Every structure is written in structure tokens, then in C-alpha cells.
Amino acid sequence: MPEQSVRPADVEQAGVWLARHGLADVRPTPLLATRLAVRRSARLAAQVLLAAFIIAVALVYTTDRPGAAVDGSGSNRHSSLLVLTAVVAGLVLTQALLDWWVRRVDHRAGATLPRRAAHPVRLGWRTVLGRPRAAFAVATFAGALVPAVVALTVRDSTARYAALVLLIGLCGVAVGTAVQLRHILTHPVVADDEVALTADVIMRVEDAREVATPTVVWLLPIVSVFDTALGWWNAAWLVFVALSTVSLALITKRTAQSGVVARYATSAR
């Protein structure tokens with residue numbers, strides 16, 4: 001890859017990234033700088049996308065709830081749920097396009113390599129994401145399903161509407177997360193030596209940990225079912241979010257850093 005096509009600022013940030021992962025003696029290459037730059041841009045775009053998604057869910061819910069400016073009739077609610085379904089489809093599609101953008105940049109960068117290295121062992125979700133983080137993500141998602149399931153069992157139509165909004169939103173987040181994790185686990189290696197291979201694994205681990213952080217799952221019940229649930233339930237949900245945040249911090253502290261995971265993975269036979 002021609003060096004003049006890479007911004008000096010991206011090369012400098014690649015050097016900082018290498019030093020942060022215990023590779024301070026490695027010279028940042030234009031290929032690494034390009035791969036890291038596109039991931040920073042894609043990650044920022046994904047965060048903006050998820051923020052817009054949360055706002056859209058809140059707007060759909062508040063538009064047709066009782067007491068809103070627009071009367072929450074059954075037909076209006078059906079239309080709102082269809083709009084929300086379209087928003088969910090747009091979320092998944094846009095996330096897939098962001099993944100495609102990253103893969104396209106990686107493919108172009110890989111095409112410039114004189115040879116391609118390969119991981120000594122196949123990288124699975126246990127290596128890239130880790131069992132504690134995977135279990136935590138599943139438990140948090142299941143915890144967010146509880147208010148929706150509870151609300152669907154009551155006779156209050158407003159509570160059931162809120163539950164449907166939450167369920168559709170959670171389904172969109174789950175599908176989007178699965179699509180992103182599949183991309184992280186299956187996209188081809190872009191490396192020609194051991195150092196580049198280690199950097200490739202570090203990027204996969206960081207991407208997977210970012211995707212599995214359940215920020216949106218924590219927030220969706222707050223913008224949907226919160227004002228329809230009982231006071232004790234709201235308090236319980238806030239405690240759940242606080243405890244799960246502490247749990248995530250402990251998991252982050254007790255699990256190996258991405259650089260350690262990468263060195264272990266590239267040395268395994």
C-alpha cells in the first residue's frame with residue numbers, strides 16, 4: 001500500500017495503538033494505520049446509529065401511548081409497530097453495510113501483501129470474545145426480556161404495547177449483534193508476518209468486546225416500558241443495570257487484555 005495514501009496522523013495513532021498493546025518496538029505500517037483508521041470511523045458511525053435507534057424507539061413509543069398528543073388507537077399502534085419494524089430492519093442493514101465497508105478496506109489492504117499469513121488455530125468465539133463476556137451478554141439480554149414478558153401477561157393494552165416495542169427493539173439489537181460477531185469471526189486474515197497476525201487478532205478481540213457491550217440493551221426498557229411498569233419493578237431494573245455494570249467492570253479487570261489473548265492465539269499449535 002503506497003505510504004502517501006495514508007495520513008500521517010493515522011500512522012501516528014497506529015504507533016500509539018501498538019505501544020498500548022505491548023508492541024512499542026514495532027514500526028506502524030501504512031496497512032495497519034489504514035485498518036485502524038477505518039475501524040475508528042466505523043465504530044463512531046455505529047455509536048451514532050445506535051443512539052439514533054434508541055431515539056427512534058422512544059419516539060415510536062411516546063407517539064401512541066395514552067395521553068400523547070396523538071390518540072393511541074389500535075390502528076395507530078399497528079402503524080407505529082410497522083414503522084418500528086422498518087427502523088429495526090434499517091439498523092441491521094446499516095450495521096451490515098458498515099461491516100462491508102471495513103471488509104472492503106481490509107480486502108484492498110490484503111491485496112497489496114506479497115503473501116498471506118494464517119492463524120495457527122481456528123479462532124472461535126471462546127478465544128475472540130471469551131466465555132465470561134458471552135455469558136454476560138446473554139444474561140443481560142435475558143434480563144431485558146423480563147419486563148417485556150411480564151408486560152405481555154397483563155390486561156393493560158398500554159403495557160402490552162410497550163412490551164411489543166421493547167421486544168421488536170431487542171430483536172433488532174440481537175440480530176445486529178449476531179451479524180457483527182459473525183463478520184468478526186469469519187473475515188479473512190490480513191497479515192504477512194507474526195506481528196501483523198498478532199495485530200489482526202487484537203483488532204478482532206477489541207471489535208468483539210465492543211459489539212458485546214450491552215449498552216443499548218440496558219437503555220431500551222428505560223425508553224419503552226419504564227412509565228408503564230410498577231415502581232418496584234423500575235427500582236429493580238435500575239439495580240440490575242448497576243449490578244451488571246459492576247459485573248462487566250470485574251470481567252474486564254479479570255480477563256486477559258486483547259494483546260495477551262492475541263499472543264496466546266498466535267503461539268498456539
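Reader: What makes up the lining of the second largest pocket, by class?

Author: In this predicted model, that lining has 14 nonpolar, 2 polar and 4 charged residues. The pocket holds about 320 Å³ of space. Of its 20 lining residues, T29, L31, D192, D193 and A196 are the closest to the centre. Helix 2 and helix 7 each supply at least two residues of this lining.

Reader: And what about the largest pocket, what is its volume?

Author: About 900 Å³. It has 38 lining residues, and the closest to its centre are T177, Q180, E210, V211 and A212. By class, the lining splits into 24 nonpolar, 9 polar and 5 charged residues.

Reader: Which helix gives the most to the lining of the largest pocket?

Author: That's helix 6, with 10 residues. Other elements giving two or more include helix 3 (74-111) and helix 5 (131-152).

Reader: Why is the pair of F136 and W218 called edge-to-face?

Author: Their ring planes sit at 70°, and the label applies to angles over 60 degrees, so edge-to-face it is. The ring centres are 6.5 Å apart, and the limit for a pair is within 6.5 Å. A search of the whole structure finds 3 aromatic pairs.

Reader: How do you know whether F136 is buried or exposed?

Author: Check its relative accessible area: 9% for F136. Buried means under 20%, so F136 counts as buried. W218, at 11%, is buried too.

Conventions:
Residues numbered from 1 in each chain as written. Predicted model: local features only at pLDDT ≥ 70, side-chain atom pairs only at ≥ 80, totals over all residues. Heavy atoms only, no water. 1 Å grid on protein atoms, 1.4 Å probe; cavity = no way out; pocket = protein on both sides within 12 Å on 5 of 7 lines; lining within 4 Å. Points joined across faces, edges and corners; volume = space filled by probe spheres on them. Helix = DSSP H or I, 4+ residues; strand = E, 2+ residues; numbered from the N terminus. Nonpolar A, V, L, I, M, F, W, Y, C, P; charged D, E, K, R; others polar. Phe/Tyr/Trp six-rings, centres within 6.5 Å; stacked < 30°, edge-to-face > 60°. Buried < 20%, exposed > 50% of the residue type's maximum accessible area, 1.4 Å probe, protein only.
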